[in-house]
Amino acid sequence: MSDKHYDALPKAHTTYANIIKSLLPIGDNAKVGKDELPQATYYVNDLHIDQDNLEDYRKICGFADDGKIPITYFSVLSQALQMNMMVKEPFPFAMLGLVHVDNSVTQYRPIGERETIAMSVSFDNLRDHAQGQQFDFVTTVKSQDDVIWEGVSTYLARGKKPASNASNKNKPRPATVKPMVDEEGTHAVFEVPEDIGRRYAFISGDFNLIHLHPLSARAFGFPKAIAHGMWSKAKCLAMMGELPDACTAEVSFKLPIFLPSEVELIAESLAKLESSDDSCNFGLYSAKNDKPHLAGVVKLISED
């Protein structure tokens, strides 16, 4: 087990310096086989929230300034630890080829913006996928000894497809149809500006080149820059209104949002959440057709 403790979250400029170094054919960039992940956990034991960064995050995503940490914010903060883990540990995949496919966050109680918390990040659950392999980053946030927030970010490392999927090669994909608008829920059509990737990068610390400019995005096969998936998730949740004190918000990222774009949010009402058996579904779509950008669900946490 490789554990590393930080006094504070690593800064973006040092993190990206390490990323660039890991891409160069120099030094001792050890790799493990693609059948295992590093047994590593990175910690920040006394994390104080940067109030200016939090304010900027609220503004760019649309969250209310209510004294509480937005439910998606710790996913953003944990990325600094995640990126350092991928370059400092014997990580088996190329960072530039990873695709963020799913994200789940669970908040067990409201978290005050000035609370001092402990955060840890570890690898988990390497498994085969039709397009390669998937794995999870698991983030845990504690207050004293109590877990108050957990998050799982799932990434796909594209590679050789398993032979068992060869028979499914020509199967048509199921058609995606926008749901009917829930009159009691949230329905909004809004513009996603061309510069949202650059603006969000400076707040989140995620300077992946596919989000910053059409020229850099084209180097990775995208015709235009694309919006950050975690920005689109946060934007949807912020527009849906005040979330329950204890809940889980899950999304699957579908087709990228090319910048600029016009998108449509269709969400059920959060008021329908009365027990852990209930769910509130939401989705973000192209405003011009049925193409989905993300599909999500909010659920109450069981008290059992």
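The largest nonpolar core of the protein has 73 residues. Such a core is a set of buried Ala, Val, Leu, Ile, Met, Phe, Trp, Tyr and Cys residues joined through side-chain atoms within 4.5 Å. Phe 74, Phe 282 and Val 298 have the most contacts inside this core. Its largest share, nine residues, comes from helix H3 (residues 73–88). In soluble globular proteins, nonpolar side chains tend to be buried together.

The structure is a predicted model: local features need pLDDT of at least 70, side-chain atom pairs count only at pLDDT 80 or more, and totals for chains, interfaces and linings use all residues. Residues are numbered from 1 along each chain as its sequence is written, and side-chain values use heavy atoms, with hydrogens and water left out.

The secondary structure comprises six helices and 11 strands. Both are DSSP runs numbered from the N terminus (helices H or I, at least four residues; strands E, at least two). Of the 304 residues in the protein, 45% are buried. Buried means under 20% relative accessible area, exposed over 50%, and partly exposed in between (1.4 Å probe, protein chains only). Among contacts with a separation of 6 or more, 72% join residues 24 or more positions apart. A contact here means heavy atoms within 4.5 Å.

Helix H3 also packs against helix H2 (residues 51–61) in the model: their axes come within 11 Å and cross at roughly 125°. H2 is therefore oblique to H3. On the H2 side, the contact is made by Asn 53, Leu 54 and Tyr 57. Tyr 73, Val 76 and Leu 77 contribute from H3. Axes are lines fitted to C-alpha atoms, for helices over the stretch in contact, and angles run from 0 to 180 degrees between N-to-C directions. Angles under 35 degrees count as roughly parallel, over 145 as roughly antiparallel, 65 to 115 as roughly perpendicular and the rest as oblique.

Two single residues were then examined. Asp 136 lies in strand E5 (residues 132–143). Asp 136 is buried, with a relative accessible area of 6%. Its side chain makes a polar contact with the side chain of Arg 127 at 2.9 Å. A polar contact is a pair of N or O atoms within 3.5 Å; within protein, one must be able to donate a hydrogen and the other to accept it, and residues adjacent in sequence count only if both atoms are side-chain atoms. Beyond neighbours within four places in sequence, Asp 136 touches residues including Ser 122, Phe 123 and Val 152.

Met 180 sits in the loop between strands E6 (146–158) and E7 (186–192). Met 180 is exposed, at 76% relative accessible area.
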